[in-house]
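Biologist: I would like to learn how to read this model. Please take me through it feature by feature.

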Amino acid sequence: MEIQQLRYFLAAANCSNFSRAAKQCFTSRQNIAHAMNVLERELGITLFERKGNGVELTSAGQQVACHADDIVSRVDSLQALFAATSSTGEGLSIAVTYNLLSKIPEETESFIFKFDRWINLFEMGCEDCYRAVCSGEADVGLALCMRRGFDDCNFEEIGHLKAYAIVNEHSPLAQKSQLSIFDLRTQRLQIMSESAFQYEPLFAQLNALGYDFSNISVATTSSTLYGIKRNEAVGIATSVFVESLPAGMRALPLDDPRYDWCIYVLYPPQSKHQATVMRFIQGLRKSYSCS
């Protein structure tokens, strides 16, 4: 159970609607719904009853809401305590794409959480992260996506992860040393995000080849990505996921560097915290290069 799940839960409970809760939390409706499904499975109870376009807390959900509100309030109080005693200067609001912190080196993660200014992290989808920076809702964005540019904000690449296709070892594709876009054009694909924003280079090439996008499914967690063995699909993943593949699976690199994954730091051209932002970015780049 994560504090972000509880924040999403409280937002959904207060808004009685997943879409409105998503807007309040600067994320997508799918992320709210997924977080609630995970929380319900973990607790073994039903938190919400679906009513029309909205939701309503069950009696069990009401009990959880009381505890969740207390937990989140205590966490917020703790953050405020340390914010008040931190070094002089204002803190930073940082938008981070989901699961990115699990894909960065320990040195980089340590730098983020030990930065000498108070920071407030918000996890959200990749496109939401970009929009939050462009709108000024976040001072900095840390985004993981396939290699691309960003039109309305400044950006720097601080990390790089090779893109792989994960296939069943009995698939004819498993005999190849690497896969091209032409190998994928007739395959069922399983990806890790619902947003085409994160896969823009790959999707653009598939579209040019007339690919049937109804053949794409989304793995809501990293573990279900390996359902490709059962579903006879091809999974698209970063090198992080190929380090410990389950038996019967093979990981093949994609031959086009445009499909590789990059960790980008995004920041607006102008910010009231510009000096702090630039110092944060410099430290971030240094911590990544030293890992």
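Biologist: In what order do the five strands of the open sheet run?

Modeller: First, the ground rules. This is a predicted model, where local features need pLDDT of at least 70, side-chain atom pairs count only at pLDDT 80 or more, and totals for chains, interfaces and linings use all residues. Residues are numbered from 1 along each chain as its sequence is written, and side-chain values use heavy atoms, with hydrogens and water left out. Helices (H or I, at least four residues) and strands (E, at least two) are DSSP runs, numbered from the N terminus. Two strands pair if DSSP finds at least two bridges between them. Here the order is S4-S3-S5-S12-S6, with mixed pairing. Strands S4 (119-124) and S6 (154-161) are the edges, each pairing on one side only.

Biologist: In which sense do S3 and S5 pair?

Modeller: Strand S3 (residues 92-97) and strand S5 (residues 140-146) are parallel, over three bridges. Val 96 has Leu 142 of S5 as its bridge partner.

Biologist: Which strands does helix H6 touch?

Modeller: Contact means heavy atoms within 4.5 Å. Helix H6 (residues 126-135) packs on the sheet and touches S3, S4, S5 and strand S12 (261-267). The direction of H6 makes about 145 degrees with that of S5. Axes are lines fitted to C-alpha atoms, for helices over the stretch in contact, and angles run from 0 to 180 degrees between N-to-C directions.

Biologist: How many disulfides does a search of the whole structure find?

Modeller: A disulfide is a covalent bond between the sulfur atoms of two cysteines. The test is a pair of cysteine sulfur atoms within 2.5 Å. The search finds zero. For Cys 126, the nearest cysteine sulfur is that of Cys 145, 4.2 Å away. Cys 126 counts as buried, because its relative accessibility is 4%. The cut-offs are under 20% relative accessible area for buried, over 50% for exposed, and partly exposed in between (1.4 Å probe, protein chains only).

Biologist: Where do the buried residues of H10 fall, seen down its axis?

Modeller: An α-helix has 3.6 residues a turn, so residues three or four places apart point the same way. The buried residues of H10 include Val 277, Phe 280, Ile 281 and Leu 284. They fall within an arc of 170 degrees, so they line one face of the helix. That arc is taken from the directions from the helix axis to the C-beta atoms. The face turned away carries the exposed residues Ala 275, Lys 286 and Ser 289.

Biologist: What do the buried residues of H10 pack against?

Modeller: They pack against S3, helix H5 (106-113), S5, S6 and S12.
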